[in-house]
Amino acid sequence: MAQAPAAAKPAKKGRRSEFSGMSRALVRRETISAYLFLLPSLIFFVGFVLVPMGICVVYSFLDMGINTSGTTFAGFQNYIEMAGDKVFWQSLRNTVVIVVVAVPAVTAFSLWVGSAIYPMHAAWRSFFRCVFYLPVVTGTVAVTVVWKWIFNPFTGLLNKILHTGTLDWLGNEKTAIWCIILILFTTSIGQPIVLYVAALGNVDKSLIEAAQVDGATKLQVFWKIKWPQIMPTTLYVLVITTINSFQCFALIQLLTSGGPNGSTSTLMYYIFDVAYKYQRFGYANAMGVILALIIAAFSALQFKAAKTGNE
Amino acid sequence: MDHTLSSGRSTGYKVFVIVILVLLAIFFIFPLYWIITGSFKTAADINAQVPQWFPLEPTLDNYTRLFARPAVRWLLNTVVIAVAAMFLTCLTASLAGYALAKKRFYGRKLLFTLLVCAMALPKQVIVIPLLQEMSNIPFYDFNYGEWATMHDTLLAVILPTVGWPFGVFLMKQFSETIPTEILEAARVDGAGEIRTFATIVFPMIKPGVGALAIFTFVNTWNDYFLQLIMLTSEESWTISLGIARLQGEMASDFGLIMAGASLAAIPIVAIFLLFQKYFTQGITMGAVKG
């Protein structure tokens, strides 16, 4: 703190040093005023994001529940229990299935829709953007209850139009998870489409024109020019869709409650179940830690893949 | 020759794209259509063997039964939560975003990294420990005139929503566009920090605040998981929780459930359509990496 770090690492955008051209007194004054500006926000961030994160990690080493008397230190007991918990593994497998199917589908489809509506007249572009965003805005609960009705074996629309009698789409181990992925898909593509339309608008037009003059086909223009330039957006879409898909909860709770036979239970649903039904907060938080680590690993993997893909 | 051939093929492709897009648009609008029309259908229409595409004998019976429950209260709670979260988020985030973008101070990079890392974490995972935290924060209950905890109060939903760093991140992106020269000129002229913020910075980041406001409002309105964990008694439920419980209790009374879903969806869809320009801007700016 005593010395202004004049030789700080070179920052981006050509800024030579973070504090270049500033006197020490000015830096100090700026630091104080900056933290005053940050204070209200930091109170909320620390109080309701960082503290619960800390609680999550600490509680994951505690044994607490209705069956245990009081709270005791459990060491890695919760984590060891997880390794042998069949429901945990089944929920993890279902979650991974949902992520592995939904994330590429959402990304590819939103890229296609984005490219298809980007060249349109502004009014149409904004119309389609709104339409695909509609299920997000309508709200998970409202969307989920209407789908539950559509899938209902007796009064649902699906059986009526397909003439499939009283097929129980959500009560069947084979179909239930696909119904959930379908609904998750419709509530996930709105944001990526908006992002892709914006990203395509930022692609360097002179490069596209130059390529067209050289006789490049549309497909070549897309893969050689647009694709590398929208790569940061693709990465962002992958990461947010992965995070959201890993946390799939409301659909499960409202449609199937994890059934039939745990075939649609996700990690987030199981965490909720353990915390709520059995009040086992220690175990629930241990699974929360693992879920966070898995998501972090997936995000890191995507960053790495995107980097090597760009080289 | 080659040129006409390729343009001919691309016309065919264009027609194909439009047909697919229109079909998809119908598919995406349909759930909302089915919610609203369903809410006006009689039990006979709902149970009919042939799909009733439109309520031929529209009835308000579903709404009468919905409002026999505290649905207005649920809607009011939802509005209170969304409006309070919106105001607090916009206020704290615009101050913090400006400081992160335009001030040079010790710990800036560390703080920014911390915010970005927090955003990459699963939001719902911290809701379970938040429950314990809220159950330990004392709070005076005016309805019963006694001390209780913050759990099961609307604040338990509002405060964590404000804490989520996305707003700060978004406002930082918007604040970066403020020319530093203007801020320096204000300082030379002797304007204090608060005056600079109120008269120069805030007017310049107003579109960003608008984007953040609508974004926070819509997301808070629909944040089911946090509401589910925090709000347990019927009088503090939101409309989302209300419908979820209706579905749990009256699983086959789809008319009633659709009336509840309409009550939840129509206001928020209307607000979205009114402010969608800001909304798009919010999503796009939030994605640009800094």
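How much area do chain B and chain A bury between them, and what share of it is on carbon and sulfur atoms?

## Interface size

Chain B and chain A bury about 8700 Å² between them, with 75% on carbon and sulfur atoms. Buried area is the accessible area (1.4 Å probe) that two parts lose on being put together, summed over both. B:Phe28, B:Arg104 and B:Tyr106 supply 11% of what chain B buries against chain A, more than any other three residues.

The model is predicted: local features need pLDDT of at least 70, side-chain atom pairs count only at pLDDT 80 or more, and totals for chains, interfaces and linings use all residues. Residues are numbered from 1 along each chain as its sequence is written, chains are lettered from A in the order written, and side-chain values use heavy atoms, without hydrogens and water.

## Contacts and charges

In contact (heavy atoms within 4.5 Å) are 103 residues of chain B and 98 of chain A. Three salt bridges link the chains; each is a side-chain nitrogen of Lys or Arg within 4 Å of a carboxyl oxygen of Asp or Glu. A:Glu30 forms a salt bridge with B:Arg187, their closest N and O atoms 3.6 Å apart. Helix H1 (residues 2–39) of chain B gives the largest share of the side that touches chain A, 18 residues. Helices are DSSP runs (H or I, at least four residues), numbered from the N terminus.

## B:Glu133

B:Glu133 sits in helix H6 (residues 127–134) of chain B. Beyond its neighbours within four places in sequence, B:Glu133 contacts A:Gly47, A:Phe48, A:Val51, A:Pro52 and A:Ile55.

Conventions:
Helix = DSSP H or I, 4+ residues; strand = E, 2+ residues; numbered from the N terminus.
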